[in-house]
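Here's a quick briefing to read with the model open beside you. Have a look at it first, then work through the points below.

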Amino acid sequence: MINSRFFNRSELLGFLALAVLLFLILPLSLDIFRLNLVAKYLTYAFVGIGLVLCWGYGGILSLGQGVFFGLGGYCMAMYLKLEASSVANTKIQSTPGIPDFMDWNQLTSLPFFWKPFHSFPVTLLAILVVPAFFALIIGAAMFKRRVGGVYFAIITQAIAAILTILIVGQQGYTGGINGITDLRTLHGWDIRTDHAKFILYFVEVVLLFGCIVAAQFIRLTKLGRILVAMREQEDRVRFSGYSVANFKIFAFCAAAVFAAIGGAMFTLEVGFMSPSFVGIVPSIEMVIYTAVGGRMSIFGAVWGALLVNFAKTSLSESFPQLWLFGLGALFIAVVLAFPNGLSGIWADHIQPRIDRLLASRKSKSAAGLIADGAPAE
Amino acid sequence: MFGDYSISDLGAILAMQGFAGLILFSVYVLMALGLAIIFGQMGVINMAHGEFMILGAYVTWMTSNAVQHVAPWLFPGYFFIAMILAFIASGALGMLVEWVLIRHLYKRPLDTLLATWGLSLILQQAYRSIFGAREVGVELPEWMMGSWQATDSIQIPINGMFVMGLTILITIVVFYILFWSSWGKQVRAVVQNRVMAGAVGINTEKVDRYTFGLGCGIAGIAGSAFTMIGSTGPTAGQLYIVDTFLVVVFGGAASLFGTIASAFSISQTQSTLEFFLSGSMAKVITLLTIVAILMVRPQGLFALKVRK
């Protein structure tokens with residue numbers, strides 16, 4: 001459905017509902033511990049938005065989004081760690097001024113790739129550029145050779161495995177299995193206080209809405225329509241003279257950048273970064289959130305990340321045994337019965353009923369509303 | 001890195017690491033054969049393949065315990081019983097899964113990946129609830145322990161040789177079934193052209209179910225063999241699943257011969273590198289090499305020439 005407006009009516013409602021929830025209801029009703037948890041869940045929503053673009057619209061399933069999430073997170077963590085390991089803080093080490101885990105691993109000077117992360121602007125740039133560049137290399141190598149579908153999924157998964165093994169193995173340079181911990185300040189501002197967590201939550205939500213708008217923009221331009229066309233009939237798009245590979249690379253890079261922003265926010269919210277958020281399992285979980293929310297819906301991805309993580313926390317707190325059964329069953333059910341996830345259920349079953357209800361009330365404008373309230377896709 | 005060793009030492013190291021690589025190769029081949037049948041022939045991405053393997057390992061463990069308590073005189077040969085039981089258990093579970101889950105998803109290969117991932121979570125938690133989170137190991141019969149002294153500096157463990165022999169046997173049987181038996185011909189006919197195969201009277205649904213069952217059953221045997229060289233935990237299968245997929249993709253998905261060749265090259269590279277570098281770096285370099293080669297040659301080592 002080509003729409004001249006930026007958001008159609010139901011999307012505008014979805015946008016407003018999400019904004020009210022994230023800006024008003026949650027901050028007012030939750031204590032800071034729970035709000036921080038919500039902030040942690042929302043970092044996965046960034047990844048989800050990227051996956052909607054790249055998987056839902058472009059048809060490219062990446063099982064390596066954890067790589068980009070991790071790259072963004074590690075860039076941020078390296079900056080924070082360097083700030084936390086000033087000479088004054090680390091004077092008991094044998095080499096003051098380097099991160100503690102390097103000192104434990106008998107490193108005596110800062111490795112070269114850590115040095116740029118002394119500067120905050122360079123760090124911010126790196127969070128966006130490093131994952132995008134990495135995605136560009138992978139994407140260019142794969143899509144130019146017309147590798148896609150299943151093979152792409154498996155190779156991105158292998159890359160996630162490689163990066164995890166590398167981070168765990170190179171303890172002196174990366175902090176190993178424990179990751180980069182004990183992060184304190186961001187540009188001199190203590191991120192561990194409740195007040196800072198509160199502000200970081202709002203920063204994150206604003207960024208999230210920025211990403212939603214950006215993704216919606218991509219979706220509505222000609223680019224988004226080419227992505228969908230490619231997913232449905234790749235050859236026809238190629239024969240029409242479009243460079244399919246370049247569009248795929250773009251979608252993959254955009255997804256990588258979204259994931260990296262999520263990763264960087266994750267480091268800030270949670271206060272550490274470790275390889276357990278990079279590997280195969282977290283990467284697939286990110287796909288799960290997106291699938292549950294609805295792979296075709298940007299808002300669905302946000303809801304999916306929120307709801308699945310909320311269920312995960314509350315179920316694993318009270319029934320640690322049942323949680324994995326529940327997650328597995330949920331996933332099978334979504335794939336088998338609701339391939340478009342929650343947003344599909346909403347658009348197919350709930351939305352029409354609401355419309356009918358509204359229509360019967362305002363019988364005058366009934367016809368117009370039903371036509372307008374058709375499912376967003 | 002070579003400076004500290006004399007030539008004969010290096011030879012012995014290469015031989016022993018080569019043999020360690022052969023054991024890894026055996027596990028890879030057994031895992032990858034099942035996966036190559038399921039993925040290469042049917043196009044289903046079975047992320048739960050590792051869990052089918054672990055089921056075989058647990059069946060072997062239970063058999064060993066049962067035999068020790070009920071019929072100790074059978075103990076030296078319990079392994080053969082355990083393998084048959086593992087094949088039946090994993091194969092039966094595989095057929096059940098195909099019937100409940102996979103058959104609805106043949107037209108959506110990427111979704112089989114997600115659904116079987118859900119299945120693998122459920123199976124892992126089931127193993128954890130039933131068998132406990134601790135790793136278990138089986139007791140080997142006496143004739144399998146110890147090692148064979150080939151020369152002064154080369155020692156080869158007997159259980160490793162047994163696993164290798166087993167792998168060769170299973171491979172021959174699988175090749176026989178797929179390429180010479182009439183059922184194998186039906187499988188290949190369905191793979192090549194489902195509609196035509198149905199039109200000439202092959203029950204394609206039944207063939208699908210048995211093919212999936214066969215792939216899972218082989219995974220069960222792989223798990224059984226796996227217990228001889230390592231211990232088994234609920235999540236052990238996940239460690240191997242990515243490697244196994246890479247083995248299958250690297251070999252060329254539709255070619256069983258390619259699967260064996262790639263399992264051989266990957267396992268040998270890894271175990272030889274492992275001696276000179278740390279284990280994690282050996283794995284990183286091996287996997288990176290595979291990914292790099294796959295980027296240059298996406299169709300894998302042995303590709304069938306087909307029009308798409």
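Let's start with a helix pair: helix 2 of chain B and helix 8 of chain B make a right-handed crossing (the near helix is turned clockwise from the far one by less than a right angle; left-handed would be anticlockwise). This is a predicted model, where local features need pLDDT of at least 70, side-chain atom pairs count only at pLDDT 80 or more, and totals for chains, interfaces and linings use all residues. Residues are numbered from 1 along each chain as its sequence is written, while chains are lettered from A and ligands numbered from 1 in the order in which they are written.

**The helix 2 and helix 8 pair in chain B**
- Helix 2 (residues 49-70) and helix 8 (residues 204-229) of chain B have axes that come within 6 Å and cross at roughly 55° (axes are lines fitted to C-alpha atoms over the stretch in contact, with angles from 0 to 180 degrees between N-to-C directions).
- That makes helix 2 of chain B and helix 8 of chain B oblique to each other (under 35 degrees is roughly parallel, over 145 roughly antiparallel, 65 to 115 roughly perpendicular, and the rest oblique).
- Residues of helix 2 of chain B, including Phe52(B) and Trp61(B), meet residues of helix 8 of chain B, among them Cys216(B) and Phe226(B); contact means C-beta atoms, placed from the backbone, within 7 Å.
- By class, this contact between helix 2 and helix 8 of chain B has twelve nonpolar, seven polar and no charged residues (Ala, Val, Leu, Ile, Met, Phe, Trp, Tyr, Cys and Pro are nonpolar, Asp, Glu, Lys and Arg charged, and the others, Gly among them, polar).

**Chain B as a whole**
- Chain B has eleven helices and two strands (DSSP runs numbered from the N terminus: H or I of at least four residues for helices, E of at least two for strands).
- Chain B has a radius of gyration of 20 Å, close to the 19 Å from the globule rule for 308 residues, so it is as compact as a globular protein of that length (taken over C-alpha atoms; the rule is 2.2 Å times the number of residues to the power 0.38).

**Where chain B touches chain A**
- Contacts link 32 residues of chain B with 35 residues of chain A.
- Helix 4 of chain B gives the largest share of chain B's side, 14 residues.
- By class, that side of chain B has 23 nonpolar, seven polar and two charged residues.

**Domains of chain A**
- Chain A splits into domain 1 (9-307) and domain 2 (340-377), with bounds from an automatic or database domain assignment.
- The contact takes 14 residues from domain 1 of chain A and ten residues from domain 2 of chain A.

Key:
Contact = placed C-beta atoms within 7 Å.
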